[in-house]
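Hi everyone, thanks for coming.

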Amino acid sequence: MSHANERLFDHALAREAKLKKSRAEKDKRMTLQDAVAEFVQDGDSIIETGFAYVRGPMAAFWEIGRQKKKDLVGIFTPGGMNTAWHEFGGMEGCHVAYVGVEMRGLISPFRRGVEAGTLKVYSDWSHGGLALSLLAAEKGLDYVACRSMLGTDIMNTNPYIKLAEDPFTGDPVCLVPAIYPDVAIIHVHHADRYGNGRIWGPAVNDTSICVAAHKVIVTCERIVDTLDIRANPYQVIVPHYTVDAVCEVPYGAYPGDMPGMYYFDRRLQERVVRVEWKTAESTREWYEKYILGTRDHFEMIQLIAEDEGMNVIEYLKRLEQLACDAAYCGIGSWGIGGERDWKYEEVAKRAI
């Protein structure tokens, strides 16, 4: 089997795979455990979706850790908390536009790996450059020409992009190749059984990623009827014919943010990033307790809620109230500024 990097830029292989992939509408629902077991293989390249702590498929990332997948190659458009995998054999290298969690700090396991040489950085990209690479794959182009990254050190360190002469003007241009990740996992608000996925908020690169990737797993907060999807087609960013598996995973972006539904758990993220992952030893303790020590994503949330001295429903209500405050602060929607003793189902009905 070839290395993931050889498949990433293989245009012929990508076209052959697309031609063979069925476009039929068929029921693709399965458990997250089964989807990860079937569609994420050791040595695959896997691309980050959403954006940093917004709408990332965190439940799927934790499940990949539970199943002890090995030697994955990350594509970080940016990369966040999932970059800790490499300390446990889960990740051997990466292609990077950005890694971190912004004001919450650097990802210590990622930094330790790069400094020690145990985690290989195969190429650096700008955000725009990696987005163009995905866009080329979506449009069926082998490459696109642009001025992005010209005049930067990226032109010298990234072996995949090329400097050329514009045949029309004679000016220098950067040629950015189409990229085809092995696996993409995308978390959406709603999906139907066939894989059509709908979101609220920014889509970033997700549609391009779906078309570019060889295998696509959609996780969603709720599975809804196809008639519901057809009634609101303008919010659909994932076309069903790109999807291989559909998994209903409520709170699947936790501890990240799901726009309009729940807010990111900033307190937990800061504690994990700044304290619990500070050393290799403490990172391993965290990993063994919260990932290997739990059966699934929901048992992990239950454990975290207990650490906070709450039952899990009260804990999740707090996250949803923060989302309401963030989205509708001061305008009175969803009871902001008034009664806060609502029930989860009341909020869920409005959210759906």
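Before we start, one term: when I say that residues are in contact, or that they meet, I mean heavy atoms within 4.5 Å. And keep in mind that this is a predicted model.

Okay, let's begin with two helices. Which residues of H4 meet H11? On the H4 side we have Trp62, Gly65 and Arg66, and on the H11 side they meet Trp286, Tyr287, Tyr290 and Ile291. If you want to find the helices in the viewer, H4 covers residues 58-66 and H11 covers residues 280-291. Their axes come within 10 Å and cross at roughly 105 degrees. Angles from 65 to 115 degrees count as roughly perpendicular, so that is what we call H4 relative to H11. Sorted by class, the contact of H4 with H11 has 5 nonpolar, 1 polar and 1 charged residues.

Trp62, Trp286 and Tyr290 belong to one aromatic cluster, together with Trp277.

Next up is helix H5, residues 108-116. Which residues are buried there? They are Ser108, Pro109, Phe110 and Gly113. And what do the buried residues of H5 pack against? The partners are strand S2 (72-76), strand S3 (91-96), helix H10 (266-276) and our friend H11.

Now for aromatic pairs. The count comes to 8 aromatic pairs in this model. Take Phe76 and Phe110: their ring centres are 6.3 Å apart and their planes stand at 75 degrees, so this pair is edge-to-face. Phe76 sits in strand S2 and Phe110 in helix H5, 34 residues apart, and so the pair links distant parts of the chain. Are these two buried or exposed? Phe76 is buried at 1% relative accessibility, and Phe110 is buried as well, at 12%.

Another pair is Tyr251 with Tyr262. Here the ring centres are 5.0 Å apart and the planes are at 40 degrees, so we call the pair tilted. Both tyrosines lie in the loop between S12 and H10, so the pair ties together parts that are 11 residues apart in sequence. Tyr251 is buried, with a relative accessible area of 7%, and Tyr262 is buried too, at 1%.

Let's move on to strands. Which strands does S10 pair with? One of them is S8 (residues 183-191), which pairs with S10 in the parallel sense over 8 bridges. In that pairing, His187 stands opposite Thr219. Another is S12 (residues 245-248), joined to S10 by 4 bridges and also running parallel. There, Val218 has Val246 as its bridge partner.

Last stop, an open sheet of 3 strands. Its order is S5-S7-S6, and the pairing is antiparallel. Why is one side of S5 and of S6 left without a neighbour in the sheet? Because S5 (143-146) and S6 (162-165) stand at the edges, each with a single partner strand. On average, neighbouring strands of this sheet are turned by 35 degrees against each other, direction ignored. Between S5 and S7 (residues 172-177) there are 4 bridges, and if you zoom in you'll find Val144 opposite Val176 in S7.

Technical notes: Residues numbered from 1 in each chain as written. Predicted model: local features only at pLDDT ≥ 70, side-chain atom pairs only at ≥ 80, totals over all residues. Heavy atoms only, no water. Pairing = 2+ DSSP bridges. Axes fitted to C-alpha atoms, helices over the stretch in contact; angles between N-to-C directions. Parallel < 35°, antiparallel > 145°, perpendicular 65-115°, else oblique. Nonpolar A, V, L, I, M, F, W, Y, C, P; charged D, E, K, R; others polar. Buried < 20%, exposed > 50% of the residue type's maximum accessible area, 1.4 Å probe, protein only. Phe/Tyr/Trp six-rings, centres within 6.5 Å; stacked < 30°, edge-to-face > 60°.
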